[in-house]
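Morning, everyone. Please have the sequence and the structure open while I talk. I'll start with one term.

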Amino acid sequence: MTLLNLVDVSVRYGRLTAVRGVSINLKEGEVLFITGPNGAGKSSLLRAIAGVTPTAGGHVEFDGAEITGRTPEDIARLGFSMVPEGREVFGSLTIEENLMVGAGMHSRTPGWKGQTAADLDSVYNTFPILKERRNQQAGLLSGGQQQMLVIGRALMARPRLIAIDEPSLGLAPNITDQVYERLIALQAERSLTLLIVEQSSTRAVMVGGRMILMRSGQVVLDGDARELGNSEAMQAAYFGYEDH
Amino acid sequence: MLQIVFDALSLGSLYALGALGIALIFGVMRLVNFAHGDVIAFSIFALLWPSTDAMAIVFAGNLPWFLLIPFVLAVGAGLSVLCEIVVFRRFRNTNPATMMIASFALGFVIRYFLLMLYSSRPKSISLLPILSQPVEILGARLPLLQLITIIVTIAILFGLVIFLRRTRFGLEMRAAAENFSMARMLGVRANRVIMGAFALSGALAGAIALIFGIQTGTADIQMGAAVMLMAFISTVIGGLGSLAGAVLAGFLLGAASVVMQVILPVDARPFRDAFVYGAVILVLLFRPQGLIAARGTKERV
Ligand SMILES: Nc1ncnc2c1ncn2[C@@H]1O[C@H](COP(=O)(O)OP(=O)(O)O)[C@@H](O)[C@H]1O
Ligand SMILES: [Mg+2]
């Protein structure tokens with residue numbers, strides 16, 4: 001079943017077109033990597049889906065409903081959880097408060113308290129370091145811990161899809177390993193749909209799943225990560241960017 | 001001596017409440033709201049029937065205190081929320097300078113509206129006259145109002161801290177103040193948070209109006225402007241957007257004004273404000289980011 005459907009989506013900043021006519025169909029439970037060089041338009045595309053950056057054309061459907069032009073909070077409330085580039089923890093809030101902000105959208109549903117406590121436990125089980133430091137300011141966490149926090153914060157919303165922009169950014173490879181290990185475990189456990197943006201295809205090849213390569217705002221390749229990863233087509237397409 | 005301490009605290013209270021009203025709104029939408037002072041003036045004039053006479057015809061001002069206080073706070077909050085819905089909402093995605101000019105213009109609109117209905121002549125009003133009676137504490141004779149101003153301000157500050165730390169809405173406001181677009185991506189409703197900030201800020205304006213009105217016994221269209229200048233300075237010295245900083249700086253400015261009034265040579269006293277502003281410039285030279293730098297700017301690791 002299709003969870004996210006992008007049809008001919010474009011994003012412009014003034015006269016610069018960052019995303020030009022991207023169409024992607026993402027099925028429930030699927031893991032999709034979007035890779036591509038810096039400036040390819042990956043983040044712009046993600047922000048457009050999340051409703052943070054307006055689209056200049058095309059439309060976005062989530063779970064069968066048109067979400068183009070809706071507010072970020074509405075889109076989040078439909079089950080689209082976004083972890084933006086640079087993580088964006090609330091540095092002055094404690095770790096637990098950060099997690100509670102993530103849970104807030106369900107505060108009107110009955111049984112919210114018990115549910116939130118259970119979700120909190122489950123996030124702390126996945127990332128024990130967060131539990132240990134739960135009353136500290138999130139700004140004091142290391143980069144890897146912050147990445148864990150924002151993933152946990154996204155989970156607290158009980159989303160159907162989590163979109164993560166460059167989770168490996170600025171992290172040491174072994175820390176990135178830890179983050180991915182848990183992310184993939186969570187995905188399997190909850191049959192989450194994942195949309196992960198990374199510059200390189202390395203992680204996609206390690207994890208497996210589907211991979212899309214973007215360049216200059218367009219989708220240039222779409223296929224199985226392991227098959228595409230080391231293919232000549234991939235190398236050519238990726239580095240083709242440098243040619244002009 | 002005790003008298004000086006109380007003078008400093010009660011003046012500081014007014015500045016702190018004013019600064020808080022500005023900092024709350026700046027926190028959630030990066031708007032420096034110059035209309036805040038006019039919301040203060042409006043709150044007090046709402047107690048009077050429109051007329052251009054010097055003797056005010058009191059309208060809601062005769063209410064007993066337990067109705068009068070909520071009425072004034074609600075007027076402040078209501079007008080402030082109205083400003084957001086009618087004006088500021090349309091400027092939300094513009095740059096801070098544009099929003100600031102819009103707030104200037106809006107302030108003038110409110111002021112001229114009052115001018116039209118009430119003329120520019122200050123009106124004498126007597127609100128809760130019982131509060132003007134002196135009380136004796138530790139040998140010093142203090143107006144009861146001064147004591148109440150300080151107690152009320154401290155109570156408001158405590159209440160606000162508890163609200164921000166312990167309630168769901170407070171948590172959302174803090175998150176939104178730090179990173180608005182991230183908060184929205186987590187489902188925090190922008191309009192609700194911003195309207196909440198305007199309502200709180202407006203209620204604080206109402207509180208200032210009440211204290212000021214009782215203290216001076218007049219309703220004056222200029223009254224907001226007098227407090228607001230110091231309140232603006234407090235928010236900047238405190239670190240724009242930092243609530244704790246705004247309060248701290250408000251009290252410091254109040255103390256500085258009162259202390260200078262006492263220690264300056266008699267000849268220099270009329271120029272007290274020049275000395276106060278001089279001190280402000282010194283503080284800003286040494287700490288341009290303010291006493292307590294706000295955490296609103298995104299930290300990237
Ligand atoms: N807020 C913005 N304003 C103007 N241009 C932007 C903005 N964000 C991104 N861009 C431009 O859009 C293009 C795509 O950027 P981005 O989506 O960040 O790519 P990626 O995430 O793939 O590195 C780049 O040329 C970038 O400079
Ligand atoms: Mg990017």
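A polar contact is a pair of N or O atoms within 3.5 Å; inside protein, one of the two must be able to donate a hydrogen and the other to accept it. Keep that in mind. One caution as well: this is a predicted model.

First, the interface. How many residue pairs are in polar contact between chain B and chain A? The count is eight, with both residues of a pair at pLDDT 80 or more. Which elements of chain B give two or more residues to the side that touches chain A? They are α6 (168-178), α7 (180-185) and α8 (190-216). Now sort that side of chain B by class. There are nine nonpolar residues, three polar ones and 11 charged ones.

Charged residues bring us to salt bridges. Across the interface of chain B and chain A, the rule finds two. Here is a salt bridge to look up: E73(A) with R184(B). Their side chains meet at 2.6 Å, N to O.

Next, the extent of the contact. Chain B puts in 23 residues, and chain A puts in 31. Together the two chains bury about 2,400 Å² between them. Carbon and sulfur atoms give 53% of that area. Which residues of chain B lose the most area to chain A? Look at R168(B), M185(B) and L186(B). Together they make up 28% of what the chain B side buries.

Now move to ligand 1. Its surroundings are in chain A, and they include Y13(A), L16(A), P37(A), G39(A) and K42(A). By class, the shell has five nonpolar, five polar and two charged residues.

Let's go through some side chains. S44(A) has an N or O side-chain atom 2.5 Å from an oxygen atom of ligand 1. N38(A) has a polar side-chain atom 3.1 Å from an oxygen atom of the ligand. With R47(A), the ligand atom is a nitrogen, and the distance to an N or O atom of the side chain is 3.5 Å.

How much of ligand 1 does the protein bury? Taken alone, the ligand exposes 560 Å², and the protein buries 62% of that. Two elements of chain A give two or more residues to the shell: β2 (16-27) and α1 (42-50). Which element gives the largest share? That is α1(A), with four residues.

Definitions and conventions:
Residues are numbered from 1 along each chain as its sequence is written. Chains are lettered from A and ligands numbered from 1 in the order in which they are written. This is a predicted model: local features need pLDDT of at least 70, side-chain atom pairs count only at pLDDT 80 or more; totals for chains, interfaces and linings use all residues. Side-chain values use heavy atoms; hydrogens and water are left out. Contact means heavy atoms within 4.5 Å. Buried area is the accessible area (1.4 Å probe) that two parts lose on being put together, summed over both. A salt bridge is a side-chain nitrogen of Lys or Arg within 4 Å of a carboxyl oxygen of Asp or Glu. Ala, Val, Leu, Ile, Met, Phe, Trp, Tyr, Cys and Pro count as nonpolar, Asp, Glu, Lys and Arg as charged, and the others, Gly among them, as polar. A residue is near a molecule or strand if one of its heavy atoms lies within 4 Å of it. Accessible areas come from the Shrake-Rupley method with a 1.4 Å probe; for residues, only the protein chains shown count as cover.
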